Amino acid sequence: MAQYARGAAAVAVIRLRNPPVNALSLTVLQALEDGLKRADADPSVKAVTICGENGKFSAGADIRVFSSPKKQGLGLGPIISLIERSEKPVVAAIEGIALGGGLEVALGCHYRIAHVQARMGLPEVTIGLLPGAEGTQRLPRLIGIPAALDIITTGRHVPATEALKLGLVDEVVEENTVEAAIRLATKLIGQPLGHRRLSLRPVPRLPNMEAFLSDALMKVKKRAQGCLAPELCFQAIKAATELPFADGVRKERELFNILLTSGQAKALQYAFFAERAVEKWTTPNGASWKSASPQPIRKAAVIGLGTMGRGIVTSLVKAKIPVVGLEQDLEYLNTGRKAVMLLLEREAMKMEQGAQTLDFHNPARLQFTVDFDVLRDVDLVIEAVFENMALKKEIFNKLSRICKPEAFLCTNTSALNIDEIASVTNRPQQVIGTHFFSPAHVMRLLEIIYGRHTSPTTIATAMQLAKVMKKVGVVVGNCFGFVGNRMMFPYTQQAVFLLEEGSRPEDVDRVLEDFGFKIGPFRMSDLAGLDVGWRSRKDQGLTGPSLAPGTPARQRRGYRYSPLPDLLCEKGRFGQKTGKGWYQYEKAGGRISKPDPWIHSFLSEYRDTHQIKTRFIDQEEILERCLFALISEGFDILAEGIASGPEHLDVIYINGYGWPKHRGGPMFYASTVGLPNILAKLQKYSEMHPDVPQLRPSAFLKKLVAMGNPPLNDWMSYLHRQSNKL
Ligand SMILES: CCCCCCC/C=C/C(=O)SCCNC(=O)CCNC(=O)[C@H](O)C(C)(C)COP(=O)(O)OP(=O)(O)OC[C@H]1O[C@@H](n2cnc3c(N)ncnc32)[C@H](O)[C@@H]1OP(=O)(O)O
């Protein structure tokens, strides 16, 4: 709702009220309209101030409304016109946030005052929409086309000080913003308002408008990577340069409706809520975010300053947590220290652009050592040495003797067994897996893996740490590869099998990149280094000296196996780092991939050697085999209780594996394709490849289909229900 009150003798104050972020629900809009009409009708009211309850102006439209049947009544635009037409001056008092429809309300006001800590923006593009309450037509009239394009097509939040420079607000105050707005409103009584009505202003012209727009469109499309909203935002802003206000608004509405009914908006809005849902973690034994309290982390340590450790130290420093970096000897320590300092200098430069500072030269904030004794007083340790169980156990045993009893011990691993690591410590309840993604100071995902003995407090503390580091923490159970890498395995396995059967690396990558992945599986493998998987396969006895003599080349443990990646490694083709992998690069360490004729002839020789019949494989089959195998693994993970809902898998894939956000994550995508369709295709591919268990549809997927293909939100409630159709 919105509360109507008197702020001063002649000033009415309309306060938007809908906790926690004053989202504009239909009720709030109705109350806003009522308040405006009441102020207009009351001759003793000479001016109006609009503000938000609890120090927040508004986070914009209630996103849930867009998927409700009542969305036909979305009438914010006419209310904003009503504000603008008012003969009494209306001043917006912006505290906290004014986002989306919230900022559009402020744009309808005649004046805008913001608190110095407020942030403003039109983030509709991030949920697959455009500012559909006349914002695409008013903002360019206020701040010009280049700034409006930037704000609307990126959805970024603009700090108050920048908003003032752009002319988005008239004044920035450090005091009580509502009181300042009431004072301004009082001063404005009786003053002419015509020039303050943005709809009546022309869009500022640029000398080279056409060239500017065509260049801007190219940039927007490149950044969008298949997402529709940025381009439609652009079209709406372009309309502002070509059409009178009312026609521009009509065009905006038309484009908004296209987006509103698109699958992409649904997927992006699902992703918005999924990211928030995973914060409310639970485990199968009843531990939950509701009852567990995180412990404060006043000082942390990172063991191992390789690629991962450096990124983790950087993240901790950015989160203002004092940190000690530890290496095995002085040589490694100095290399690691230099690399960390370089990363931090770069981060500091980026932060300076946003008027923020990063303090890392103070030894109380960042310290480097080779001495484990320095870790006596830390509250939490993140071990980030390479993936070797024996080494990790040795370190954890040492830590459990040195660290204070209440310290938490985290292992950065992408696959190893947390229980086995915890077993060598005197505090298995305080041991937890923290799987960072590379580069760790950039990637948002943090997979948090609880073991059999991990306490709820430890999980809550790791989740809190993720939040402080501005990462998305997702709590998952302990199994080989956890969630992300476990689902990735069948995907990359299919990609390699497709090469055996006739595809080329660039064919497979193109299909998956066209689908929206930032990078296809072979380019990804070249980037990460083929030697990483090779080492793991050797450890598992799948290749290398421990492989039993006489093992068939293309079979392991009775199932199909492709030795192709091992063969490339044996030839020293590790990917970008060696200049050759599935592609060729301009030099070792080069980044521009080119299809490699050597790989093409190597593949055809390989197929001849193993008498594999080659065939043309179409895009549909490439996509379905890679994605559906991954999705089927996802259903197994849900059935085993490794993750507590499909949102967890989707958040992991969007934030850690380059899954296109506008497709909502693999499980959401499965729900849009339809579970019966996925099941039918997996059954078909599984019949074609009976020696590939990863193509056999998950029992949980089959169950959901038998239970009538329920909506994604209901899947988990079917886990333990009996089905007589199976
Ligand atoms: C009535 C129809 C009018 C039609 C107008 C058409 C044109 C206008 C379109 C829009 O305005 S679209 C919405 C644009 N706004 C956004 O995209 C903002 C989204 N929110 C955020 O970015 C963040 O939530 C925040 C506001 C910056 C706050 O971040 P913080 O980290 O502090 O808290 P969160 O955990 O993210 O959020 C708290 C709580 O609030 C819920 N929530 C936030 N924003 C919305 C929203 N716009 N609609 C509905 N719910 C919202 C969020 O889900 C959290 O809920 P719980 O998890 O606690 O249940």
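## A walk from the C-terminal region to the ligand

Over residues 481-585 the chain is 51% helix and 4% strand, with 30 Å between the end C-alpha atoms; helices (H or I, at least four residues) and strands (E, at least two) are DSSP runs, numbered from the N terminus. UniProt, in an unreviewed entry, lists these residues as "domain: 3-hydroxyacyl-CoA dehydrogenase C-terminal"; its positions are given in the numbering used here, feature names are shortened, and annotations may be inferred rather than shown by experiment.

Keep in mind that this is a predicted model, where local features need pLDDT of at least 70 and side-chain atom pairs count only at pLDDT 80 or more, while totals for chains, interfaces and linings use all residues. Numbering runs from 1 along each chain as its sequence is written, and side-chain values use heavy atoms, leaving out hydrogens and water.

Now let's turn to the ligand.

Next come the polar contacts (pairs of N or O atoms within 3.5 Å). A backbone N or O atom of Ile63 lies 2.9 Å from a ligand nitrogen. Ligand oxygen atoms also take part: one is 2.7 Å from a polar backbone atom of Gly101, and a polar side-chain atom of Arg276 lies 2.7 Å from an oxygen atom of the ligand. Taken alone, the ligand exposes 1,100 Å², and the protein buries 79% of that (Shrake-Rupley method, 1.4 Å probe).

How values were computed. A polar contact is a pair of N or O atoms within 3.5 Å; within protein, one must be able to donate a hydrogen and the other to accept it, and residues adjacent in sequence count only if both atoms are side-chain atoms.
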